[in-house]
Amino acid sequence: NNITFHYPGTWQIVNVTSPNAIVAIADPNTAQNGSPTTLVVVQKPDVPKGSRIDDGDATNYKSFLNKTGYTELEEGNMTIDGNVILENIYKSDNDQKQYRASWYAENGNIYVILCCAKISDFQDQRDKFDFIIKSFKLV
C-alpha cells in the first residue's frame, strides 16, 4: 500500500480484522486474554481517489462513533510535512478504551491512523502514538 511509518521497537505487527485495515501494530506488553489493549490500525477508507478529509468522510465517521456509544473528547488538527491531519479522540464506556482517529490525506488518498488503548493507559501511550503518526508517509 506504499506507506511507511516507525513504531516502538518492542511493538509487533499483529493480525488485523478491521474494515479497510491495511496494517496493525500493538504493544504486546498490554495483552489481556491474548489480545493487546494498546494498538494502532492503519485504514484506507473506501472513498473515491481525490477525496479530501473535509469531504464528509471524517464527519460520517464521527457520526457513526457517536451513534454507537462512543463519546467525543477532543477534536483538532496538526500539520506534518505540509499535510493537515484531522484528529478526533473518543472514549467508549462499553470496552473502557479510548481512541484517536487521525485522518491523513495525500496525493488523493485518505488514510486513518486509529490509535487505541485502555482509558487508564491512554495518556501514557500518547507519546508513542505521536511518534507513529508523525512518522507516517507515503512512498
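Me: How many bridges join strand E3 to strand E6?
Reply: This is a predicted model, in which local features need pLDDT of at least 70, side-chain atom pairs count only at pLDDT 80 or more, and totals for chains, interfaces and linings use all residues. Residues are numbered from 1 along each chain as its sequence is written, and side-chain values use heavy atoms, with hydrogens and water left out. Strands (DSSP runs of E, at least two residues, numbered from the N terminus) E3 (residues 21-26) and E6 (residues 39-43) run antiparallel. The number of bridges joining E3 to E6 is 5.

Me: Which residue in E6 stands opposite Ala-21?
Reply: Two strands pair if DSSP finds at least two bridges between them. In E6, Val-41 is the bridge partner of Ala-24. Opposite Ala-21 stands Gln-43.

Me: What is the order of the strands in the open sheet?
Reply: The sheet has 7 strands, and the pairing is antiparallel. Strand E2 (12-13) and strand E7 (70-80) are the edge strands, as each pairs on one side only. The order is E2-E3-E6-E10-E9-E8-E7.

Me: Is Thr-71 buried, partly exposed or exposed?
Reply: Thr-71 is found in strand E7. Buried means under 20% relative accessible area, exposed over 50%, and partly exposed in between (1.4 Å probe, protein chains only). Because its relative accessibility is 37%, Thr-71 counts as partly exposed.

Me: Which residues does Thr-71 touch, not counting residues up to four places away in sequence?
Reply: Contact means heavy atoms within 4.5 Å. With that sequence limit, Thr-71 touches Ile-89, Tyr-90 and Lys-91.

How values were computed
Helix = DSSP H or I, 4+ residues; strand = E, 2+ residues; numbered from the N terminus.
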